[in-house]
Structures are given as C-alpha cells and as structure tokens.
Amino acid sequence: MKDLCNYSLLAHNTFGIEACCDRFLEYNTIQEAQLVAQMVKGQEPLLLIGGGSNLLLTNDFHGIVVHSAIKGHEVVSETTDEVLLRVGSGEVWDDIVALCVDNGWYGAENLSLIPGEVGASAVQNIGAYGAEASHIIDKVETVRLIDGSCCQMMASECCYGYRQSRFKQDWKNRYLITHVTYRLSKTFSPCLDYGNIRAELEQRAISNPTAQQLRDVIIAIRQQKLPDPKIEGNAGSFFMNPVVSRKQFEQLLTQYPQMPHYFVDEAHEKIPAGWLIDQCGWKGRSLGRAGVHSRQALVLVNRGGATGSDIVRLCQAVCRDVKAQFDILLFPEVNIIS
C-alpha cells in the first residue's frame, strides 16, 4: 500500500494539471482497502479517484486522495448464454474491453477506448455510441468507509442514469470500490445506429461486422475526434449532452432544421452539446491557455501550461454563449475539484 505526503497528482489527471495533495493512499487488496477505511475515518476533505480521466483540479487538494490499484479478473459464472466477469477496480477499462472481445464476451465493445479504470465505470456510468456501463454491470463490491466492512451492491441498487449513479450522489465518499462484476453475453448483437458507426463501416466495406471490427471502428472514430491527452491535456467529453423538453426541441428544430438529436422519450429529446458549442463558434478557439478542440467541440483542452482555473473560465464562457443562443444550460460531465 502507498501512503505518501505532499504527493503530485500530475500523473493522476489527464488534463495535465500541476497540483498536489496533502496525502495519497493507494490500496492493492481488499484488506488494504479496509486499512485505508480505518486511516481516513472522520477525516475531510477526501477525494476518491480512478485514472483521473474525468477530473479537473483547480488547486492543490488539501486533504487525502485515495486510489485503487486492485488488479486481476476472473470468470465467476458461465452458462451457454452469458459470462459473469469479476474485475479489480484498478484495472484499465479498455484492457478489459479488449479481453472481452478476444474471448467472445459481448456488450462492452461500443465502450472501447474510453479512458479510465474499472472502478470509475461503476461510479460514472461511462457511455458512448449507444452503450452504457450500466447495461453490463451486475454488481459492485465495496468497502464501507465508516467501519471497513465489505458489502456489495447489485446494479439495480445503484440508480444508474445518464453519467449518474448513487456513488456520485448519496453514496459519495462512503465506499471504496474493490471489484466490479460484468454480465456479458455470448451472443453478439451489434449496436450500430449511433454517431457515424455505419458510415465508417461502409467505408471499410463491412456490412456485418464482427465484435473486433466494431471495436476497431469505435477506436478509429474516437482517435479521429479526440486528442491524445499525452499531447494535449483533456478529459474527453467535458459536457453532458443536454436533454430538453419536446416543446423546446420542436421550437429549436424550426430554427435549426439540420440540428442533430436523439430520442429520449415522448417528452424529451437529447441534443449533442458539441453541436451547440460549434454553432456558437467555439470549435478550435482558445481562451488563454485553455481551448476547445478543433475536431470535437465537446472537448476542452490544455494548450500547454493551463491551470484548472483557466479551464473553468473557458467552460463558463462556453456555457454563457450556449445559454444565450439556445436557452440551454450545459453541465460539466467532468468532476471539477475546487
């Protein structure tokens, strides 16, 4: 187990922000997670992190940062139709997607190349291209911070929604995630009707993709649209796609007939935040050392030497313009730590 003071978080946030924490604790086993629970009991502030791919630090963190380094995976149950795969919370998410595709376990392929770790998939309910982690999560194993006891939550208890879960709400800072079990199908049922998946497949002359081909296409699309954080610091999609009322959607559609949109239910429609930002002229623009990515307006980037506050100022400016032009409020998907 790691127990370090005045620890740099530069390697733990993909925005590339220079920030330190007073103390950094990292656990490698369930037993170490229980020990961490004893060590942090009653201490505030506390920040639980994964790979830092959904994190924006605006200052040094004057408190304790806790990170899981639990590795490993095992098939805990298997039938002719499905597999239950138990994975350590510190595993890299995309490594697990690759493992699933290689073994003919399906359901995660549309979530290829999403940065971060397995534990965060259960907190954030990561999603892309018509799929969400909650579609395949079976249960989440945790250690309770208040007393170090082990407990597990079934997916139905986690109240998963669009980039939401109880781990971000009433369970925040109450549990350390140790393992996530995924329920995966042995029957491949590709989800192709989101974004430009079909167009990319047509370009490759693929009409009935295998899971590996679909994964390859998802990876190619993401690499075309999203910057490499090693080159340009970022946290992927910075904003959640707003869901608006049917009435507001229809009013906007009369003004912007080419506006992309996705059906939510009879009363609501989802509009891509990137399109809204692009329409406001922000794509490729900068505000100081922070900028909006030139190929995907949903992504805010560190042009080099930006502080967390620089990114926040850009976020606020973008939100103001979208609100002024469309009367739509944008909300960050990224966890902003002030």
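Student: Hello! Is Tyr 129 buried or exposed?

Tutor: This is a predicted model, in which local features need pLDDT of at least 70 and side-chain atom pairs count only at pLDDT 80 or more, while totals for chains, interfaces and linings use all residues. Residues are numbered from 1 along each chain as its sequence is written, and side-chain values use heavy atoms, leaving out hydrogens and water. With a 1.4 Å probe and protein chains only, a residue under 20% relative accessible area is buried, one over 50% is exposed, and one in between is partly exposed. The relative accessible area of Tyr 129 is 9%, so Tyr 129 is buried.

Student: How many aromatic pairs does the structure hold?

Tutor: Two rings of Phe, Tyr or Trp (its six-membered ring) pair if their centres lie within 6.5 Å; planes under 30 degrees apart are stacked, over 60 edge-to-face, and the rest tilted. On that basis, the number of aromatic pairs is 13.

Student: What kind of pair do Tyr 129 and Tyr 194 form?

Tutor: Their ring centres are 6.4 Å apart and their planes are at 90°. That makes the pair edge-to-face.

Student: How many residues apart in sequence are the parts that Tyr 194 and Tyr 262 tie together?

Tutor: These two rings are stacked, 4.6 Å centre to centre with 10° between the planes. Helices (H or I, at least four residues) and strands (E, at least two) are DSSP runs numbered from the N terminus. Tyr 194 lies in the loop between β12 and α4, and Tyr 262 in strand β15 (residues 262-265), so the gap in residues is 68.

Student: Which ring does the charged end of Lys 270 sit over?

Tutor: A charge sits over a ring if NZ of Lys or CZ of Arg is within 6 Å of the ring centre and within 35 degrees of the ring normal. The charged end of Lys 270 is 4.2 Å from the ring centre of Tyr 162.

Student: And which side chain makes a polar contact with that of Glu 141?

Tutor: Glu 141 is found in strand β10 (residues 137-144), and its relative accessible area of 13% makes it buried. A polar contact is a pair of N or O atoms within 3.5 Å; within protein, one must be able to donate a hydrogen and the other to accept it, and residues adjacent in sequence count only if both atoms are side-chain atoms. At 2.6 Å, the partner is Arg 86.

Student: What distance separates the end C-alpha atoms of helix α8?

Tutor: The expected span of a helix is 1.5 Å times one less than its number of residues. The 19 residues of α8 (residues 308-326) should therefore span 27 Å, which agrees with the distance between the end C-alpha atoms, 27 Å.
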